[in-house]
Every structure is written in C-alpha cells, then in structure tokens.
Amino acid sequence: MSYINKPRFHHPQLPTNEIGLTRRDYEGTLTTLCGGCGHDSISAAIIQAAADMSLEPHRVAKVSGIGCSSKIPSYFLSKSHGFNSVHGRMPSVATGANLANKDLYYIGISGDGDSASIGLGQFCHIVRRRINMLYMVANNGTYGLTKGQLSATADLGSKTKTGEESLYDNIDLATLAIELGASFVARSFSGDKQQLVPLIQAGLSHKGFAFIDVVSPCVTFNNTDFSTHGYKNTWENHIALSAVDFVPMRQEITTSYEAGAEKEITLHDGSVIHLHKTGNNYQPYDKENALHHINAYKKEGRIATGLLYIDPSMSDLHEVLDTVDKPFNTLSNHELCPGNEVLMGINETFR
Amino acid sequence: MKKMRKGKADSKIAALPKINDFVVKFANINGSGSASANNMFAKAIFRMGIPVSPHNIFPSNIQGLPTWYEVRINEQGYLGRREGVDLMVAMNEQTIARDIDSVLSGGYVLYDSSKALADELRRDDIHYLPIPLKDICLREFDKPSQRQLFKNIVYVGALSAFLNIDFKVLTSLVSDQFRGKEKLILPNIHALELGYQFAKENFECPLKLQLKPSDKTENKILIDGNTAVGLGCVYGGATIASWYPLTPSTSVVDAYGKYSKRLRIDPGTGKKKFSIVQAEDELAAIGIAIGAGWNGARAFTASSGPGVSLMQEFLGLAYFSEVPVVLFNIQRVGPSTGMPTRTQQGDLLSCAYASHGDTKQILLFPATPKECFEFAADAFDLSDRLQTPVIVMSDLELGMNEQICDSLSWDDKREYDRGKVLSAEQLDSIEKFGRYQDSDGDGIPYRTYPGAHPNKGAYFTRGSSHDANAAYTEDGDVYAEVMDRIALKFRTALDFLPTPEIAQKSGNALGLVYLGTTQSAIQEVLDSLTKKGIGMDTLRIKAFPFHDCIKEFIAQHELVYVIDQNRDAQLKSLLKIECNVNEDKMHSILSYNGVLVTAQHIEQAILDSMPKLGKSIKVQA
C-alpha cells in the first residue's frame, strides 16, 4: 500500500536461484508499516523462503483480511496475485480460491484481531476443512491501526504503552489449531529469521493446513517491558522445542546435514524437514504432548516455538471431497455442461 | 391491509358440476407423511393433462404443527392462488374448525369418521364425506407406520372416485415413486383401492366437482423453482456451491448436489467435477464463493433474508473489487426471523443497494421454474461478463412449490461467457496490464486469473480504494474516477440483462407493473377486468437496474399500478428512485400476509381505486 515505487535497479551480480530469479523478484512494494515493525521481518522471511526454495512467484496466491498484518502481502511477491478481503474473513476467501485451483501455493496472512477475534469462527473452520495452504498470523497482541487496543491474544496482565492491562486470558491460536486438527502447527518469532524461514518453507511444502503463529512485536503500541508480545519478553522467553532445517524437493538429498539432526520428515512434495534435538527430546507427532509442552512453558511465562505438531500424511479438502485432478477453473464448457439431450431426459422425470 | 375475503362471502351453491375448475385443500399435521400422498394427487391431475398448481403452506417445525397443501385446478391455466376451498380434506383436529369455515357454500369436507364430528362443526350449506380412515387402516395393515401413513393414501384413493381421477394414472405414479423399492408398490395400491371402493360404495360418485382429461399439459413439466435453480447451476458451469442451511433456500443446494452426483462425475476416474461446502455461516458461504470467483471458477451460494443480511459486507467487497459471484435469494417473510416458511418479495431494496457506501447490485427476477433454470445459468455469464455479484431473487412460493411450466431446454451451441479474462498469450501481446483500466470504454475492465503468467497480469484485489492499476490510493479524484467507471459498467449491464416483458395496446390509459411470482395472478386479473370493460397494459420486470423502457412505459400511461408482495411498496420505491417517477403516477397494490398474492386481491384493489382516480382517466379498452 505504498505511495512510493520501490527502485527497480539492483546489483548486476545479484545471485540467482534455480529458476534464474534473484531475491528482488520476490519482493513487494515499499512497506508503509512503522520502522521496526515485526511484520516487515515476516515479509523478509517469506521473500527469503520463497527465493531459496525457487518458488515461481506467479504460482503463489496471497490472501489476507484487514489490519496491519493484512497489509503484509503487499510487501512480498509482487508477481503474485493478492487479495486483501474483509476483516476476519480471509479463511473463507482462501477456501474458495483453493477450491477453484488446487495447483497454486496459497499464503494467508492474518493478525490476532483478524483471526482470534472477529474471524475466530472462520479460523476454526478453515482448520477443520484442511485447506492446503500456509496460514500465518502476525501476532502482536494489539490492534495497531486503531491505535493500540488490546487483542484477544494478549496475555492476562500484559500491558500496552498506555498502561492498559489485559484483564482476560488469552486465546492461543497454536493450541487451538492443534486441537481442531491442523496437520502442521508451528510458532515462531519475527526476530528469529533462522527459525522462521525454514518453518515457512516447510509449511509451504506441507500438504494440508499449515499454521504458523508468529510473535511479531508492535513497536508503536505494544513493545513495553510489560508486554508479553514485545521484543524484550519474546527474546528472553521464547524457547525452541525443536529446530528445523528444510531441504527443498529440487535439491538432491545428498547434503550431509549438521550433526544432531535426529529425524527426517518427508513431505508430500518430496521435500524433507530435518528436525534437530534442542535438549528436551521433543517429538512433534503427538497432539497431547504438544499441548502439554506449550501449556507447561506458558505457566513459566515462556513461549514455546518451533515445529510444534506435524502429521505429514493427512488429506486436504480436495481429497476429502474427491475432486478431479484438473483445477476447476480450467474445466471447459464441454466438461461441465451435460447438454440438451440429458435435459430432455430430466424433463421426463417431471411429468 | 384489507382483510382477505373469506370463502363464504363468495357463496355460490354449485348447481352445475364444476369441471376442471376448483380448489382442493388438504389440512394435515406435519410429519404425518401426507406430503407424498398430496403430491401424488396433484401429479395425477397434471398427468391427466389438466393445469394444476399446488401450494404448500407449512410451519417452521419438524413434527406436530398444522400444514396445508392447496391445489388449484384450472382448465384455463389460471395457476395463481384462489381464495375459498371447494373440497377440504380435513385431517387435522387442531385446525378443523377454521378449515371447515373456509369451505365455499356447496363445497365438500372429507374427514376421518373413525371419530364422530362435533356438532358445532356442522354447516348446512356444505356436504360431508365421512370416511373411517383410521379404522380402515387398523383393519387392513399390521405395521404401525403403515397404519399411520396409509391414511393419506386411502383418502387419495377416495378422491380418485369422488373427482374422477383416472385410477391407472395413480397406480402408475405409485410404480414410478417406488421404483427400486418394489415391495412398497402393492400395499400402496391396495390402500388406494380401499379408498376408492369405500367412496364408490358409500357415496354418489363423482361429486359435483369433476376432472375431465385434457391436453393442456402437453410438453409441460411440473417442477419446483429451487430444483430448477440447482439444475441451472449445473448447466451454467458452477463447480463450487458454498452455503449455510436456511429455509427456504436449502433445496437449491440439495438439487445442485443431486444432479451433480449424476452429471458431473469424471467417467475415467470417478472423481467429482463439483464441490459443495457447508460453511459455518452465511458470511463464510459468500466469502468462499467470492474467493472462487476471483480465482476463475464459477461459484454460488443460496440463502434467504437472514443469511443475505449477513452477506452485506462481502457483497460490497465484490462490488468494489469487481469479483463475480452468484447469490440465490429465496425470499421469505421478514423482518428478522419473520415467518420462515411463508413467502414475500421483501428484500428488493436491501438487495438492490446491498452493502454500505455507493453500491448497486444486479438483480434477476424469475417468475417460473423455467426462468429459475434459465436465470440461474445466465447469472454466471452475467456475473463473469460484468465482474460483479448477480443476485437471483426467487421466493419461497416459487422455490418450494411445484408449478407447471414449459419443458427446460438448453442450446448446445451455447458457450459460457467468461467475460474479459486475459490469457497468457493475450498478456504477452499487450504493453501494460492495468486491472481497472477501461480499455473498451464500456466500464468493464480486463482481469486475469492468479497463476496465468510469470511476469505480467498480477494485481492486488482489495476493498480499499484503488486506482486503475489496482494500487491503493487515498486520492479522492482517483477514487471518484473508479466509482464513475463502475457506474458506467452498470449502464453497460443493461445491454446484457433480460428486458421487461411488455404487453401494450394503444389507447390503454392504465398499466400494471410487477415482477416474480406475482405473474401467476396476472392473466386472471386481465381477463376479469376485460369483462368489466377495463383495459390494462402490463410490464413484467425481469432485472435490476431498470431498462429505460420501464420509465417510458410509466410515462405512456395515466396511471400505473405497481404490485408489491411486501408492506413498504419496495418496487414502487425503486421505480421512484431509479426512474424518477412522480409519486402520483403510481398506485400501490400490496400483499404481505405470507401467501402468494391472488388475482381476486389485485382486482379488488384496482376496482377500489377507480372512484378515486377521477374522470380524467379513461379506463375503457
């Protein structure tokens, strides 16, 4: 949503990826978010993730709702179509878009107001519907565009810049997603690119509903020492339950990965996630265990991050509905219309 | 509103038999299995070649409340409702007093005489047809469910003797209905015979109400509007139906699913070329359809007043960001929950300008099931061509009642009009793509589907203000340019929308303007007025925004009657706003008691208005 066009020149020796594109080919327009906003780091992480895994930008569709978070799709992948819809309703738009064309990558960007308040119902139901997409929430515990009201993800007792204290328990979208059957659930921190980038790549490659809750501080309204969504608290208290490396499908898996990698997870498209031990022997395959760990850390005031839960074998909505392989939006007149002769037969049943 | 006239006021002792011109009404308890028996009765008459129009008047309830099925039989083809009942099948003790009261003088009441009829229910100007339905069924059937259900079949058998229904037609209907469940055919035919025999042995048959085979239903079908809509969506190429259950729209998606399962299965793989998503609410239902429309698939949702209210914000988004989507509004009685199982044309204003800000929506007004089929398929072409929502405004009367109409047909040469969509090759041949540029001067811009081209054609769809290249803007002049271009697009829309049906004779000073299901009464009104020496031109509106000829029609007449099936004269208001028609040029005829407007009501309103018109208006044809 920028007024200023981004300069298009770049260094002639900018490295290219496997499909001959440079990092610049994955950028968006110039950001209009506040300087230091966590959300800009999310854009940067998506750009790096997409470039490194050599995604074709035009095969990605970006969808969002309303709010600071929902501006993010403007700031990455300007060669992709984007749809900034209505507040809290991105999940339904994403569902329809995905039904129309199963062959694109879908990135949904939402915020805590968008997904945990006005759109909580839609959030729950898109998880149930198993849409094959990456759904990211830029979670800052506050309403930025309306100047700093607390949101439903703000922790009890967390304070905003004006000193307003959250009087209610928070809604944790990650645990909710696990309970509702999401097959890929992660949490990360916008300030930890090393963790966030491979999670984005894995989420994009995962078939089914992939959810990443990204703590993304609001520097203007909710970055005090007493805010649980501020930089200080998140730096000090986020703890990775598991570390992830991502090997895209295109790369031959001959790379000997770092020592300490204890588990490989092969995703639907042939990509591989390498899970590393982080000292706590966490296994992200068990819902109960995931919920237990997240809640136990929360009691200590800590934020569990990393890949929290994964089930790489789960089906997506198209499999559930048993749709044809060809995307609906490419089916022709001939393939869809039964014709007059059939209609004559139908007429007979109404006589 | 004027109270509807009760049957007794029209008292006419039927000295001569009424042939192919009477009303039979069934008063039942819902959940008692009467619906299929009553349908069989109506369909038998249809198969005898006689025009028939059944109307369900049913409760918002699953079991136990009163429900009526009113069947008008009319050789001349007057298929609207008519007040007053010639034969009442009174099967509901809760309503029997009221039901008997509505029978015309000289008419008949068929009732279950297993229990004696209370003295206060006796009228001396009508005939009683006592049949011990319960006793017969107890004697003849063992299963408790059959003892209950077959009471309905037995009275249909009796009606066959009373009215001269061809018994062979009834048995063929039973065979058709239970194809695949042959075990059920014989007991049903037995039940029909029991009723037939009892009537023959105990009463003089036929009654003064008689059916005579005719040829008026050749090449016609008997179908409800929602089934026709569902079928139209299959033929129109819809691949995605997203919806939330809501009476009276539910059967639209049921029909789409039923026909898709037959007609949209890929022969090679057995996989589906359609999808149905039952959403969490109507907001999501339309959001899904909009997401699909944006991505180039044809999608629709079906709902009614409460659901359409929830869709308002999304309708504004689709209007402003110019995304195709089709919505079927099967209108019911509002405001709020209103009367969920009764009919109304109450959403005209709220749909014409649905959503906040300067918005306008394309509306289509089908009047028959055949038009439901055609407008459903057309709606997808229109929505793609105009890149905006199209709302098909049906109602409960049309949606949930079977009606006679011409057979459905499809032109096999027809290709879907997908509108202005640029392919990768077309994108290569143009210098610069601008999503909201008016390249053709008709207000309709070009669009691209996501994923179409590696470097060209990507754009950002948004409900916030944007310029011709889809970039965000807060420049008021740029905003106004886009709004003006969309207004131009809506003028272009008139070239594509169905034009009004006009019947005009020179010299007529009076006109009648109406839309949708009101049509069922019009011919009857005109014929009756002609007999009284009153000539009247008619115009049936099929779409909104209005074509210029509507304004011209009103201008050409001294006075135009505008018929609205709502309290607030919503059609008249729309004409005032859109056609700048002077208030005193239009006279409202209103009907909003939840049932289809009758010819008698319309005619009476016209006659009542005559003395007030003054001598300046010549009513003579």
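How many helices and strands does chain A have? In this predicted model, chain A has 12 helices and 12 strands. Its radius of gyration is 21 Å, close to the 20 Å that the globule rule gives for 351 residues, so chain A is as compact as a globular protein of that length. Chain B carries 20 helices and 23 strands. For chain B the radius of gyration comes to 27 Å, close to the 25 Å given by the globule rule for 621 residues, so chain B too is as compact as a globular protein of its length.

**The two chains at a glance**

| Property | Chain A | Chain B |
|---|---|---|
| Helices and strands | 12 helices, 12 strands | 20 helices, 23 strands |
| Extent of the C-alpha atoms along the principal axes | roughly 75 × 50 × 50 Å | about 85 × 70 × 40 Å |
| Residues that count as buried | 55% of 351 residues | 52% of 621 residues |

**Where the chains meet**

Let's turn to the interface. Here, 49 residues of chain A are in contact with 58 residues of chain B. On the chain A side, the elements that give two or more residues are β2 (81-84), α3 (90-100), α5 (120-129), α11 (333-336) and α12 (340-348) of chain A. Of these, α3(A) gives the most, with 8 residues.

**Domains of chain B**

Chain B is divided into domain 1 (7-210), domain 2 (223-406) and domain 3 (501-613). The C-alpha centres of domain 1 and domain 3 of chain B lie 36 Å apart. Even so, these two domains touch: 8 residues of domain 1 of chain B are in contact with 9 residues of domain 3 of chain B.

**Helix α1 of chain B**

At 1.5 Å a residue, its 14 residues should span 20 Å, and the end C-alpha atoms are 20 Å apart, which agrees. The helix is mostly covered, with 11 of its 14 residues buried. Among the buried residues are B:M40, B:F41, B:I45 and B:F46, and also B:N38, B:K43 and B:R47. After α1(B) comes B:G49, whose phi is positive, near 85 degrees.

**The seven-stranded sheet**

In one of them, 7 strands form an open sheet with mixed pairing, in the order β11-β10-β12-β13-β15-β14-β21 (chain B). Its edge strands are β11 (275-278) and β21 (543-544) of chain B, each of which pairs on one side only.

Within this sheet, strand β13 (residues 325-331) of chain B and strand β15 (residues 389-395) of chain B pair in the parallel sense over 7 bridges. One residue pair to look for is B:N329, whose bridge partner in β15(B) is B:M393. Helix α13 (residues 369-386) of chain B packs on the sheet, where it touches β13, β14 (362-364) and β15 of chain B, and its direction makes about 160 degrees with that of β15(B). Helix α8 (residues 250-263) of chain B lies across β10 (240-243), β11, β12 (299-303) and β13 of chain B. The angle between α8(B) and β10(B) is about 150 degrees.

**The five-stranded sheet**

Which strands make up the open sheet of 5 strands in chain B, and in what order? The order is β18-β20-β19-β22-β23 (chain B), and the pairing is mixed. Strands β18 (501-503) and β23 (586-590) of chain B stand at the edges with a single partner strand each, so one side of each is left without a neighbour in the sheet. From one strand to the next, the twist averages 20 degrees.

You can find B:A503 standing opposite B:T538 in β20(B). Helix α18 (residues 548-555) of chain B lies across β18, β19 (510-515), β20 and β22 (559-564) of chain B, running at about 155 degrees to β20(B).

Key. Residues are numbered from 1 along each chain as its sequence is written. Chains are lettered from A and ligands numbered from 1 in the order in which they are written. This is a predicted model: local features need pLDDT of at least 70, side-chain atom pairs count only at pLDDT 80 or more; totals for chains, interfaces and linings use all residues. Two strands pair if DSSP finds at least two bridges between them. Helices (H or I, at least four residues) and strands (E, at least two) are DSSP runs, numbered from the N terminus. Axes are lines fitted to C-alpha atoms, for helices over the stretch in contact, and angles run from 0 to 180 degrees between N-to-C directions. Two residues are in contact if their C-beta atoms, placed from the backbone, lie within 7 Å. The expected span of a helix is 1.5 Å times one less than its number of residues. A residue is buried if 20 or more other C-beta atoms lie within 10 Å of its own, exposed if 12 or fewer, and partly exposed in between; C-beta atoms are placed from the backbone. The radius of gyration is taken over C-alpha atoms; the globule rule is 2.2 Å times the number of residues to the power 0.38. Domain bounds come from an automatic or database domain assignment.
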